[in-house]
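Reader: I would like to learn how to read a model of this kind. Please start with a helix.

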Amino acid sequence: MSEAETDASRIGLAAQALRLVTRVGLKPVFSTRLSLLVQRSLISAASRCFPRPEGVRDVEHYLDGVLARRLIPEGAPDGRAILYLHGGAYVLGSPGTHFGIAARLALAAGCEVFVIDYRLAPEHPAPAALDDAVSAWKALTASHPAVALAGDSAGGGLALATTVALRDAALVAPRALALISPWVDLTLSGESMQTLAAADPLLSRDWLDWAATHYANGRNRNDPVLSPLFSPLAGLPPVLIHTGSDEVLLSDTQRLETALRAAGVEVQSRIYAGLWHDFQLQAGLMQEADASLETLGRFLRAGLEPAA
């Protein structure tokens with residue numbers, strides 16, 4: 001059995017139970033039959049069911065006019081930070097829905113994490129999210145000399161697109177890039193869109209296509225601004241990617257890793273057998289999610305360390 005195949009025996013009982021909860025309770029929310037307002041409300045409510053880690057202060061902050069939540073773990077050193085871009089297919093999500101992931105990264109990395117409330121489609125289609133991410137990055141690097149970048153799902157794709165934009169503009173580069181189940185191809189051309197459609201307990205191709213249409217707003221979806229998988233990738237910082245084996249976006253991770261390696265970028269990835277898209281959102285309830293965020297945080301911490 002390859003690591004991209006389902007193997008429920010390799011995940012704990014909590015993960016098996018949460019997989020069922022995800023399929024029955026959350027997947028119906030990601031439906032084109034529900035209005036976007038209803039989807040946003042339900043996802044916000046669901047996020048409040050996940051445990052919030054202690055030891056992190058949460059304060060409102062602005063980065064060049066972009067609203068953010070500044071998460072400050074006890075004993076965090078000055079000058080180091082992570083800019084975090086939340087998922088939600090560019091149409092859902094907020095710093096609040098992704099507090100658990102971001103706070104656990106702050107604890108594992110031992111530094112501040114800034115989660116920006118970038119503008120969402122369809123009210124604000126592309127490139128609004130990218131413009132907000134770049135603006136926030138420039139403001140954050142003006143006050144913090146060592147900054148890394150991270151994101152999940154659409155936020156992972158946005159983190160990659162932001163890194164490419166920073167490179168092309170000769171701006172300060174992230175020290176490291178941590179991606180969780182990144183959505184980097186809005187053309188939805190990956191093989192897993194078909195082969196894992198039945199296995200994925202959360203996402204469907206139809207819903208992703210609907211969200212991509214809102215975000216693209218008439219742009220060609222193979223535009224690298226939308227689909228950074230198709231960008232030239234040479235010269236990017238070290239990358240770590242964590243993905244579940246049972247998600248329609250698996251091919252995005254596999255193709256991205258191949259493309260980064262071919263471009264000479266230092267890249268590592270792990271595919272978690274039997275797990276699903278953005279399972280890290282359920283950290284505090286399942287050990288696999290906790291372990292993933294601890295590993296991602298340590299990777300970011302190492303990238304932010306001063307050069308020897």
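**Reading the model**

Author: Buried means under 20% relative accessible area, exposed over 50%, partly exposed in between (1.4 Å probe, protein chains only). Helices (H or I, at least four residues) and strands (E, at least two) are DSSP runs, numbered from the N terminus. This is a predicted model, where local features need pLDDT of at least 70, side-chain atom pairs count only at pLDDT 80 or more, and totals for chains, interfaces and linings use all residues. Residues are numbered from 1 along each chain as its sequence is written, and side-chain values use heavy atoms, with hydrogens and water left out.

Reader: Which residues of α9 are buried?

Author: They are Glu288, Ala289, Ser292, Leu293, Leu296, Gly297, Phe299, Leu300 and Leu304. They cover an arc of only 165 degrees around the axis, so they sit on the same side of α9. The arc is taken from the directions from the helix axis to the C-beta atoms.

Reader: Is His86 buried or exposed?

Author: His86 is buried, because its relative accessible area is 0%. Its place is in the loop between β3 (80-85) and α3 (99-109). Beyond four places in sequence, His86 is in contact (heavy atoms within 4.5 Å) with residues including Leu92, His98, Tyr118 and Asp152.

Reader: How far can the model be trusted, by pLDDT?

Author: pLDDT is the predictor's confidence in each residue, from 0 to 100. The chain has a mean of 95, and 96% of its residues reach 70 or more. Over residues 1-9, pLDDT stays under 50.
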